[in-house]
Amino acid sequence: MTGLPLPSDLAARARDVLSGRVAPAPARDSATVVVLREGREGTEVYLLRRKSTMAFAAGAHVFPGGTVDPRDTDQAVAWAGPSTAEWGRLLGADEAVARGLVCAAVRETFEECGVLLAGPDEGSVVADTTGDDWEADRLALVDRSLAFADFLARRGLVLRSDLLKPWAHWITPEIEPRRFDTRFFVAVLPEGQHARDVGGEADHATWRRPDEALDLARSGAIFLMPPTYRTLSELAAHDGVDAVLAAPREIVTIMPRVVDVGGELRLVVA
């Protein structure tokens, strides 16, 4: 059990939290979506590199995602696919939290890369989300001047919850000053849509095969946080997008913990 050594500033906070001198920060409900497509050489995933100025995960390559907006739990959100009760069972959450997580997953994916898992009815998906009018709505969602339910209603769209597959559940370690209780989903890039580098929190976006991204991380060319690294490793074990979607998943909550190894604090992922 070696784990990852903590930088000095985080190690100092970790000792305060572990000793009880500092209370752990609350973990905010969040959703992350691994957008997949079938490339020429196999499955590819969409990765964003967070700006070096970001307070959390600066410089890391991540999947699109973010925290739940309180309005994401609005029952007025037009919905298609598994019910909120079914999603609650899948996610181990009550219906309100499950609704918020699924809505946040779809909303944040649109905000951060222009991919929208919604359509005019339960059997179709928007084919194109480019253009000035779509961009205006995306920016209004980003600055929270437009609620997701109102966005869908104005465009006559329903959220396609059936296009999401639950994948994992990670909680930020208690020692971190910013913490997130994050459900990971996978979804296929809808036909006709294009993922775009439009998010204000990233300075670069790319499609990579999971094994390729892992090789880059091991060489030090890119930085991956443990949840991203683990998820890519799991995806790399499947041959193609269809295999990923068909893979059985048992969602187990993972929260990395701190251990003392010879006087040095290290972060361990079980």
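Author: Start at arginine 49, which stands opposite histidine 61 in strand β4. Helices (H or I, at least four residues) and strands (E, at least two) are DSSP runs, numbered from the N terminus. Two strands are said to pair if DSSP finds at least two bridges between them.

The model is a predicted one, in which local features need pLDDT of at least 70 and side-chain atom pairs count only at pLDDT 80 or more, while totals for chains, interfaces and linings use all residues. Residues are numbered from 1 along each chain as its sequence is written, and side-chain values use heavy atoms, with hydrogens and water left out.

Strand β3 runs over residues 42–50, and eight of its nine residues are buried, so β3 is largely enclosed by the rest of the structure. Buried here means under 20% relative accessible area, exposed means over 50%, and partly exposed lies in between (1.4 Å probe, protein chains only). On the way from β2 to β3 there is a hairpin of two residues. The two strands run antiparallel and are joined by four bridges.

Strand β2 (residues 27–39) has another partner in β10, with which β2 pairs in the parallel sense over 10 bridges. Valine 33 has phenylalanine 185 as its bridge partner in β10. Strand β10 covers residues 179–188 and is mostly covered, with nine of its 10 residues buried. Strand β9 (residues 165–171) also pairs with β10, in this case antiparallel and over six bridges. There, lysine 165 stands opposite valine 186 in β10.

Threonine 109 is found in helix α3, which covers residues 95–113. With residues up to four places away in sequence left out, threonine 109 touches Val33, Val35, Pro64, Ala104, Gly114 and Val115; contact means heavy atoms within 4.5 Å. Threonine 109 has a relative accessibility of 1% and therefore counts as buried.

Next come two helix pairs. The axes of helix α4 (residues 132–142) and helix α5 (residues 148–155) come within 10 Å and cross at roughly 160 degrees. Axes are lines fitted to C-alpha atoms, for helices over the stretch in contact, and angles run from 0 to 180 degrees between N-to-C directions. Helices α4 and α5 are therefore roughly antiparallel to each other. In these terms, angles under 35 degrees count as roughly parallel, over 145 as roughly antiparallel, 65 to 115 as roughly perpendicular and the rest as oblique. From α4, the residues Asp133, Trp134, Asp137 and Leu141 meet Phe148, Phe151, Arg154 and Arg155 of α5. By class, this contact has four nonpolar, no polar and four charged residues. Ala, Val, Leu, Ile, Met, Phe, Trp, Tyr, Cys and Pro count as nonpolar, Asp, Glu, Lys and Arg as charged, and the others, Gly among them, as polar.

The loop between α4 and α5 holds arginine 144. Although arginine 144 is not a glycine, it has a positive phi of about 65 degrees. At 30% relative accessibility, arginine 144 counts as partly exposed.

The other helix pair is α6 (residues 210–219) and α7 (residues 226–236), which pack at an angle of about 140 degrees with their axes 8 Å apart. Helices α6 and α7 are therefore oblique to each other. Pro210, Asp211, Ala213, Leu214, Ala217 and Arg218 in α6 meet Tyr229, Leu232, Ser233, Leu235 and Ala236 in α7. The residues of this contact divide into eight nonpolar, one polar and two charged.

Two open sheets remain to be described. In one, three strands follow the order β6-β8-β7 with mixed pairing. Strands β6 (79–80) and β7 (118–119) are at the edges with a single partner each, so one side of each has no neighbour in the sheet. Two bridges link β7 to β8 (residues 158–160) in the antiparallel sense, and glycine 119 has valine 158 as its bridge partner in β8. In the other, three strands take the order β1-β14-β13 with antiparallel pairing. Five bridges join β13 to β14 (residues 264–268), and there valine 261 has glutamate 264 as its bridge partner.
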